[in-house]
Amino acid sequence: MIYRLLSHVPHVIFKPVYDLYEKYLLEKVKSGEIPRHVAIIMDGNRRWARKLEKPPWYGHFFGSRKLEEIMEWCRELGIRTLTVYAFSTENFKRTPEEVNALMNLFEEKFRELVKDERVHRYGIRVNVIGRKELLPENVREAAEEAERATRKYKNYTLNIALAYGGRSEIADAVKEIAEDVLKGKLRPEEIDEDLIKRYLYYPNMPDPDIVIRTGGEIRISNFLLYQIAYSELFFVDVYFPEFRKIDFLRIIREFQKRQRRFGR
């Protein structure tokens with residue numbers, strides 16, 4: 001109840017109270033189990049822009065700024081892997097104007113990542129997961145450049161799901177497995193859950209401990225369907241550009257209170 005009240009308190013008016021509560025939560029979270037992998041469905045950019053009577057690209061731009069903040073929060077807490085849902089295979093159905101604006105933003109942000117001194121100082125590896133062949137050439141080249149420039153880093157991982165669909169990922173993995181069986185590289189009896197993970201877009205990625213969806217919708221929307229079988233799910237009713245550190249810390253704190261039995 002306190003959380004729901006605080007989430008609607010204007011930050012500027014009650015900043016001292018906000019800062020005290022954030023500091024309290026941060027200390028509580030740091031004293032508990034820190035998730036290894038957090039995945040986020042970044043929803044609500046367009047609705048946030050519409051609320052402000054701005055075009056969709058305005059929301060996506062400020063959503064990209066929010067992602068930079070979240071990367072800092074993860075680093076501060078020692079969360080090693082962050083996976084974000086940036087653009088689904090279904091998103092290509094949006095208006096050409098919005099898709100083009102998004103693609104230009106993706107290219108710009110990938111090129112910024114290559115030059116961002118924080119990426120190199122903290123050793124953040126960037127992976128782009130999805131059907132890259134569907135992307136415009138300039139975006140694909142910028143994404144691959146970011147991957148190449150950070151491939152050697154092992155401290156943190158940022159996975160960006162772009163032209164991504166969970167069902168597509170599973171279908172593509174099955175095709176590759178079938179091809180390797182036909183070539184004699186695999187025997188059918190060797191196929192198990194661990195082998196399938198080796199054929200996903202990012203092989204052997206640790207499963208997310210937490211999946212967060214902003215924007216108030218309560219669904220997964222074809223995101224990491226294979227990997228989130230035992231993830232803890234959190235749905236928050238704030239638009240992604242409005243997602244605050246205090247919201248993030250509350251989710252981690254709630255995760256620490258849950259008992260994860262994995263079917264046992």
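Reader: Where is the place of Y58?
Author: Y58 sits in helix α4. This is a predicted model.

Reader: What is Y58 in contact with, leaving aside neighbours within four places in sequence?
Author: W48, A49 and L52.

Reader: And how far apart are the C-alpha atoms of Y58 and G123?
Author: They are separated by 30 Å. Along the chain, Y58 and G123 are 65 residues apart.

Reader: Back to α4. How many residues does it have, and what does it reach from first C-alpha to last?
Author: Helix α4 covers residues 56-77, which makes 22 residues. Its reach is 32 Å, close to the 32 Å expected at 1.5 Å a residue.

Reader: Which residues are buried in α4?
Author: G59, H60, G63, S64, K66, L67, I70, M71, W73, C74 and L77.

Reader: What follows α4?
Author: G78 does. The phi of G78 is positive, near 85°.

Reader: How many residues line the largest pocket, and which lie nearest its centre?
Author: The lining has 43 residues. M42, N45, Y85, A86 and F87 lie nearest the centre.

Reader: How do the lining residues of the largest pocket divide?
Author: Into 19 nonpolar, eight polar and 16 charged.

Reader: How many cavities of 30 Å³ or more?
Author: One. The largest cavity has a volume of about 110 Å³.

Reader: Which residues line the largest cavity?
Author: M71, C74, R75, I79, R80, T81, L82, Y122, I124, Y156, T157 and L158. Each of α4, β2 and β4 supplies at least two residues of that lining.

Reader: How does the lining of the largest cavity divide?
Author: Eight nonpolar, two polar and two charged. Among the lining residues, M71 and C74 are also on the list of buried residues in α4.

Reader: New topic. Where is T89 found?
Author: In the loop between β2 (81-88) and α5 (96-115).

Reader: Why does T89 count as buried?
Author: Because its relative accessible area is 17%, and buried means under 20%.

Reader: What is T89 in contact with, beyond neighbours within four places in sequence?
Author: L134, A163, Y164, G165 and S168.

Reader: Which side chain does a polar contact join to T89?
Author: That of E90, at 3.3 Å.

Notes: Residues numbered from 1 in each chain as written. Predicted model: local features only at pLDDT ≥ 70, side-chain atom pairs only at ≥ 80, totals over all residues. Heavy atoms only, no water. Helix = DSSP H or I, 4+ residues; strand = E, 2+ residues; numbered from the N terminus. Expected span 1.5 Å × (residues − 1). Buried < 20%, exposed > 50% of the residue type's maximum accessible area, 1.4 Å probe, protein only. Polar contact = N/O pair within 3.5 Å; in protein donor to acceptor, adjacent residues only side chain to side chain. Contact = heavy atoms within 4.5 Å. 1 Å grid on protein atoms, 1.4 Å probe; cavity = no way out; pocket = protein on both sides within 12 Å on 5 of 7 lines; lining within 4 Å. Nonpolar A, V, L, I, M, F, W, Y, C, P; charged D, E, K, R; others polar. Points joined across faces, edges and corners; volume = space filled by probe spheres on them.
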